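Let's take a walk through a protein together. Have a look at the chain below, and then we'll go through it piece by piece.

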Amino acid sequence: MTRAERAKNNFLSGYNCAQSVVLAFADDLGVPQEALLAAALPLGGGLGRLRLTCGAVSGGAIVLGLLFPTMPKQEMYECVQEFARAFEERNKSICCGDLLRAAGLPADTVPHPEERTEEYYRRRPCPALLFDAAEILEQMCRARGRLSD
């Protein structure tokens, strides 16, 4: 199973978008899974359901930071921006609210997560967005020599 497929399946198993991406790379990060889940938890719903930066993008930034811990700040920012631009090229935005509205869904900011039902999963753009984020991230990290098969 690819990391992109893992990210999608993680979401379909109940994790938020940031957690789903981070967990897809957990074997490569050298950080306990519980710590990864805790660090990514507040980033779901576009930062605590504020519908700001998509959790898939935020989770990807965590992965980049953990895979390249000694990268100079400017290079890291360039790397994160490259990742975000590639995601935006595929999906027209990196903003959670924009992505939900584009799928015909409300982008409410109440702090209560929606119940994960079959209808919820059917309507959400998130599984495809997570697939894209993890696929882009994997390609970038491979190109920089940080991931193997």
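Before we start, a word on names: helices here are runs of at least four residues assigned by DSSP, and they are numbered from the N terminus. Keep in mind, too, that this is a predicted model.

So what is the chain built from? You'll count 10 helices and zero strands. A compact globule of 149 residues would have a radius of gyration near 15 Å, and the chain has 14 Å, which agrees. Of the contacts between residues at least 6 apart in sequence, 65% link residues at least 24 apart.

Now step inside. Buried residues account for 46% of the chain. The largest nonpolar core has 43 residues, and Phe25 and Phe87 have the most contacts inside it. Several helices give two or more residues to this core, among them H1 (3–12), H6 (55–67) and H7 (73–91), but H10 gives the most, with nine.

Finally, find the largest pocket, which holds about 360 Å³ of space. Its lining has 25 residues, with Asn16, Gly44, Gly45, Arg49 and Arg116 nearest the centre. Helices H2 (17–24), H5 (44–47), H8 (96–102) and H10 (126–143) each supply at least two lining residues. What kinds of residues make up this lining? They divide into 13 nonpolar, seven polar and five charged.

Notes:
Residues numbered from 1 in each chain as written. Predicted model: local features only at pLDDT ≥ 70, side-chain atom pairs only at ≥ 80, totals over all residues. Heavy atoms only, no water. 1 Å grid on protein atoms, 1.4 Å probe; cavity = no way out; pocket = protein on both sides within 12 Å on 5 of 7 lines; lining within 4 Å. Points joined across faces, edges and corners; volume = space filled by probe spheres on them. Nonpolar A, V, L, I, M, F, W, Y, C, P; charged D, E, K, R; others polar. Core = buried A, V, L, I, M, F, W, Y, C linked by side-chain atoms within 4.5 Å. Buried < 20%, exposed > 50% of the residue type's maximum accessible area, 1.4 Å probe, protein only. Rg over C-alpha atoms; globule rule 2.2 N^0.38 Å. Contact = heavy atoms within 4.5 Å.
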